[in-house]
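Dear colleague,

I am handing over the structure we spoke about, and I would be glad if you could look through it with the notes below beside you. Please read the notes as a guide to a few places in the chain.

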Amino acid sequence: MLDLKYLRDHLEQAEQRLATRGGAIDLTNFRELERQRRDLLGQSETLKAEKNRVSALIGQTKDKSQVKDEIVRMKDVSAQIKSLDDKLRQVNDDLQAILMTVPNLPHEDCPVGSSEEDNVEVRVWGEKPSFAFEPKAHWDIGEGLDILDFERGVKLTGARFTLYKGAGARLERALINFMLDLHTEQHKYVEMLPPFMVNRDSMTGTGQLPKFEEDLFHVEGPDYFLIPTAEVPVTNIHRDEILAADQLPLNYTAYTPCFRKEAGAHGRDTRGLIRQHQFNKVELVKFVRPEESDAELAKLLGHAETVLQQLKLPYRVVDLCTGDIGFSAARTFDIEVWLPGQGLYREISSCSNFRDFQARRAAIRYRPQDGAKAELVHTLNGSGLAVGRTLLAILENYQQADGSVVVPEVLRAYMGGLERITGQ
RNA sequence: GGAGAGAUGGCCGAGUCGGCUGAAGGCGCUCGCCUGCUAAGCGAGUGUACGGGGUAAACCCGUACCGAGGGUUCGAAUCCCUCUCUCUCCGCCA
């Protein structure tokens, strides 16, 4: 959510910046509503001041017959106030509704562009493996080794659900533990294990609601949603809180499954593990001082890259352009892993600086000094990494001519010493 | 699921038969004084949001906020209704 005052005072400037995201954002309504709001507020408060003054007078008067006229008059004033406040509430709701659907302003260093095509490749890491045979796609490798069962996943639930078996299940679990250990022990993040369902306030706090409800799984009964990413519960840990300055930066990591409807992705990535309704992810979340958020994004990105470097998986880093960054983000770097089975780079991590956009929605503040006014923190997060996609990247990059898959060295300790996954 | 208790400021905690309570008292914190250091002591101050004035700020005026929403009343932290959450006991249960 953008700052109401900022938007009011810099409307045209804001509209121009938002236009670089593509898709017109119409704020003409906004100015008129804001004018009405101030007008109604002024009228209502003037009457309230009058009412408070006279009511105090009535209270002090012993003989109520002396103030009979005042009491009658105040009755009328109260009715007027009620009517003004009703209108005001309506205007405020409309204003809030607009504000909640306006995306974040892109960071001034964010490359301007209209689509994926305009994203900027920042760096490339690692050697793409070369094969003496035609490298297979991970779904063929996984089925060949009987460690991924796509058909039974569909039987159990439906499309875009997969059953992991044996060494496949173990590899997924090994990756989760490896990533969590790396981030907690080497990068000094605090591990969290949050609820996998959250309420509407939490979804609103990070920006999934009200705009993207159709992407979320909602449960029957209570008004809860399955989380689409750990970003939601972990960022909302400090919703409605004022943090002490010396606590910052706060660095949290969490493993959670993620649930996404993938509405609008019909027919895309229908094979394999790329796009699932349920997938595992280890997330990194930071709460930082505003002046440090750019530097913290660089660190966060580095922490995510370390995972791929230790797994020796080739990747590249892409600076997303204004047309491609998410609703709540001001700046986003994607990490894309090389998939030889498909001959392309695929997103495996997305690291973003939200600045104060989420913090304002979720009321996450800090006190720069004792006694000073509380200010909004900046929030950041990134995948460190998407586990399913990491697993499939391992299958494709570490595949052998005989159909087996070599286990990356750093994972062997997590796999009971297993060096190679072979068929049964 | 059954029975009961409760939700007040950064924290603890008081609020009488509705008015003079933004809210006693304490802790914490800030500034000043005192003190050889520490501890203690003394004095003053110490919520947030929004609107208006002044604007570099300080500051001044007004309004709202005592879990959330609604109602009664000239006037509600105080009365009524609904909801949410927390706690205790019983039952059930991984």
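Where in the chain does valine 377 lie? Before the answer, please keep in mind that this is a predicted model. Valine 377 is found in the loop between β14 (375-376) and β15 (378-386), and, with a relative accessibility of 0%, valine 377 counts as buried. Setting aside residues up to four places away in sequence, the residues that valine 377 touches include Leu243, Leu248, Phe287 and Val288, as well as Arg355, Asp356, Ala359, Ile364, Arg365 and Tyr366. Between valine 377 and threonine 322, which are 55 residues apart along the chain, the C-alpha atoms are separated by 23 Å.

The side chain of aspartate 319 is joined to that of arginine 331 by a polar contact of 2.6 Å. When neighbours within four places in sequence are left aside, the contacts of aspartate 319 include Asp109, Pro111, Asn119, Val120 and Val122, and also Arg331, Thr332 and Phe333.

Turning to the helices, the buried residues of helix α2 (residues 11-19) are Leu11, Ala14 and Leu18. These cover an arc of only 65° around the axis, and therefore lie on the same side of α2. On the face of α2 that is turned away from this buried side one finds the exposed residues Glu12 and Gln16, while the cover over the buried residues of α2 includes α1 (4-9) and α3 (28-60).

Helix α3 also pairs with helix α4 (residues 68-101): their axes come within 8 Å and cross at roughly 155°. Because angles over 145 degrees count as roughly antiparallel, α3 is roughly antiparallel to α4, and the crossing of the two is left-handed.

As for the chain as a whole, chain A contains 13 helices and 17 strands, and its C-alpha trace spans about 100 × 45 × 45 Å along the principal axes. Of the 424 residues in chain A, 50% are buried. Among the contacts in chain A between residues at least 6 apart in sequence, 73% join residues at least 24 apart.

Methods
Residues numbered from 1 in each chain as written. Chains lettered and ligands numbered in written order. Predicted model: local features only at pLDDT ≥ 70, side-chain atom pairs only at ≥ 80, totals over all residues. Heavy atoms only, no water. Buried < 20%, exposed > 50% of the residue type's maximum accessible area, 1.4 Å probe, protein only. Helix = DSSP H or I, 4+ residues; strand = E, 2+ residues; numbered from the N terminus. Arc of directions from axis to C-beta. Contact = heavy atoms within 4.5 Å. Polar contact = N/O pair within 3.5 Å; in protein donor to acceptor, adjacent residues only side chain to side chain. Axes fitted to C-alpha atoms, helices over the stretch in contact; angles between N-to-C directions. Parallel < 35°, antiparallel > 145°, perpendicular 65-115°, else oblique. Left-handed = near helix turned anticlockwise from the far one by under 90°.
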